[in-house]
Amino acid sequence: MAIVEVKNLTYSYPAADKPALKGIHFQVEEGEFVSLVGANEAGKTSLCFALAGFVPHFFKGELRGEVWVAGKESSRTSLDDWLLNVGLVFQNPFNQISGSKFTVYEEVAFGLENLGIPRPEMKERVEGIMQKTGITELAQRSPYALSGGQQQRVALASILVMQPRLLVLDEPTSQLDPIGTRQVFEVIKSMSQEGITVVMAEHKLEWVAEFSDRVIALADGEMWMAGKPGDVLTSPLMTELGIGVSRYTAAGRRAVEIGLLPASQRLPVTHRQALAFFGAAPP
Amino acid sequence: MKIEVRDLRFSYPGGVEALCGVCLTVEAGELVAIVGQNGSGKTTLVKHWNGLLKPTAGEVIVGGWNTADHSVAQLAARVGYIFQNPDEQLFCATVCGEVAFGPQNLGFDEVEVDQQVKSALAMTGLGGLEQTNPYDLSTSRRKMVAVASVLAMNTPVIVFDEPTTGQDHVTIERIREIVQRLHGEGKTVIAITHDIDFCVENFERVIVMGNGRVLLDGEAGEVLTQEAVLASTAVDPPQLIRLGLRLGFNQPVRNVDEFIAAYQRWKSRR
């Protein structure tokens, strides 16, 4: 069953001369992992805000169409109620950290405190999620005295602990080193396998291919492509839309163009696919 | 302009030792990338070059100046540092004011300031946004304002801290052009980056840091094939190098062209 339904959504920020989102229309099934790819200013963050209710509740502007999550429509639901189902991890963790807590532990517990969750349950959930996101050792540090990568994990933990039905992530690994990136994606994947629905805006295409069930490509506020990662991410349109392709895809396309390999195979996006693509080539 | 780092040690207040004896020399005009895991000391190291941090022990010499004897303001004329997060760097109400601030403070005359601002805005693709408030721009554009405001100071050394973070394909191409152009002008260009593919395609020398030390330092292709050492500091080899290693290529490939050439040789051997 669809948990997310975006119906002909067009949205303009206050005083903007053109809409940030134009005619966006799609559904997400419960438990699905959908990635949003697009150039800067293609509408990824705006769409994340619309799914998280920040559009229209925090950012005013002009909204047409509807966003439904878990049977509620965003413009007719208060942000407090909306956020019981939806968690948003911001692109810049600095914008998310509450500023009212002295330790990472308290920061992660903040959301549950506000919901009035009993202490023993709160303790269990906070400690469990801190372990999962690899921040247990940071428990007593100030959220502000952390590196960008560490802050990004704290921001993720403080949303995951709320156990949202829909998790919206706006470039959740932009400040992480490659291995930190893999760890965070694995945490997100495991949440997805537990049944949480994930919508994630991300530039790192090989990871998008690795984890997503479906990919939506945005450009200039509009949806250009939607489909299986292997189809969307190897499309010639990717470069035209300013999104680009992974090095594996670029190398594969070149090898086909100059006749080194037959055109019958699907172009690779991930390392594993590239190994099969180049390694399984006929001699 | 040459940078010499001699047995540099640095501890943050509270006692965390972020740099534990770093020695290296960057010659004038070099193109160098610094990689390594979060918290390995990359940013701490480069903040010593413009004097934002002073050594706990050891010394840093920038163009013959010991940074311990010179102020941040003096060093600012020599080393331009572009912050990872533009919001820690930008404070003026207009893009133009922001970009003009550096050269004005370095004592450039009005004509020079104007020229520097125009050229920096053109290089970063911000022409036409002179009167916009940087905080009305997207993070991606704001990062380019931070780049422009350092370019406008025309320093002999330029340090980029994570220039490609959160940037799309087109903007990364632009950053690549800026790096190449500065290098062509003979400037010393250094970038801290987690974007290892960008690193291998654009930088000649790579320094790998881990736990406050230099683990590897050398030609990009050679350094970035050392899978085990890289893994110890949370870095994977670049995509095409890793693919080449698995396929059994006998030399590192830095870009698609080199990969295809090596793949042709590899296929003909089989």
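This is a predicted model: local features need pLDDT of at least 70, side-chain atom pairs count only at pLDDT 80 or more; totals for chains, interfaces and linings use all residues.
How many of the six residues of S9(A) are buried? I started the notebook with that one. Five of them are, so S9(A) is largely enclosed by the rest of the structure.

**Entry 1: the neighbours of S9(A)**

I looked at what flanks the strand. S3(A) runs parallel to S9(A), and five bridges join the two. As a landmark on that side I picked A:Val34, which stands opposite A:Arg214 in S9(A).

**Entry 2: the whole sheet of chain A**

Next I wanted the strand order. Chain A has an open sheet of six strands, S6-S7-S8-S3-S9-S10, and the pairing is mixed. Which strands stand at the edges? They are S6 (86-89) and S10 (222-227) of chain A; each has a single partner strand, so one side of each is left without a neighbour in the sheet. From one strand to the next, the twist averages 15°.

At the S6 end, I found S6(A) pairing with S7 (residues 166-170) of chain A in the parallel sense, over four bridges. A:Gly87 has A:Leu167 in S7(A) as its bridge partner.

Then I looked for a helix on this sheet. Helix H1 (residues 44-51) of chain A lies across S3 (33-38), S6, S7, S8 (197-201) and S9 (214-219) of chain A. Its direction is about 155° to S7(A).

**Entry 3: two packed helices in chain A**

I moved on to H4 (residues 104-115) and H5 (residues 119-132) of chain A. Their axes are 10 Å apart, and the helices pack at an angle of about 125°. That makes H4(A) oblique to H5(A). The crossing of H4(A) and H5(A) is right-handed.

What meets what in this contact? From H4(A) I listed A:Tyr105, A:Val108, A:Ala109 and A:Leu112; from H5(A), A:Met122, A:Arg125, A:Val126, A:Ile129 and A:Met130. By class, the contact of H4(A) with H5(A) has eight nonpolar residues, no polar ones and one charged.

**Entry 4: the sheet of chain B**

S6(B) and S7 (residues 157-161) of chain B pair in the parallel sense over four bridges. B:Gly80 stands opposite B:Ile158 in S7(B).

B:Ser149 lies in helix H5 of chain B. Is B:Ser149 buried or exposed? I noted 28 other C-beta atoms within 10 Å of B:Ser149, so it counts as buried, the cut-off being 20 or more. Leaving out residues up to four places away in sequence, B:Ser149 touches B:Glu98, B:Val99, B:Phe101 and B:Gly102.

**Entry 5: where chain A touches chain B**

Last stop, the contact between the chains. The contact takes 36 residues from chain A and 34 residues from chain B. On the chain A side, the elements giving two or more residues are H6 (148-160), H7 (178-193), H11 (247-257) and H12 (271-279). H11(A) gives the largest share of that side, six residues. By class, the chain A side has 15 nonpolar, 16 polar and five charged residues.

I followed H11(A) across to chain B. Its axis and that of H10 (residues 239-247) of chain B come within 9 Å and cross at roughly 65°. The crossing of H11(A) and H10(B) is right-handed. A:Arg247, A:Tyr248 and A:Ala251 of H11(A) make the contact with B:Gln239, B:Leu240 and B:Leu243 of H10(B). I sorted the residues of this contact into four nonpolar, one polar and one charged.

Notes
Residues are numbered from 1 along each chain as its sequence is written. Chains are lettered from A and ligands numbered from 1 in the order in which they are written. Two strands pair if DSSP finds at least two bridges between them. Axes are lines fitted to C-alpha atoms, for helices over the stretch in contact, and angles run from 0 to 180 degrees between N-to-C directions. Two residues are in contact if their C-beta atoms, placed from the backbone, lie within 7 Å. Ala, Val, Leu, Ile, Met, Phe, Trp, Tyr, Cys and Pro count as nonpolar, Asp, Glu, Lys and Arg as charged, and the others, Gly among them, as polar. Angles under 35 degrees count as roughly parallel, over 145 as roughly antiparallel, 65 to 115 as roughly perpendicular and the rest as oblique. A crossing is left-handed if the near helix is turned anticlockwise from the far one by less than a right angle, and right-handed if clockwise. A residue is buried if 20 or more other C-beta atoms lie within 10 Å of its own, exposed if 12 or fewer, and partly exposed in between; C-beta atoms are placed from the backbone.
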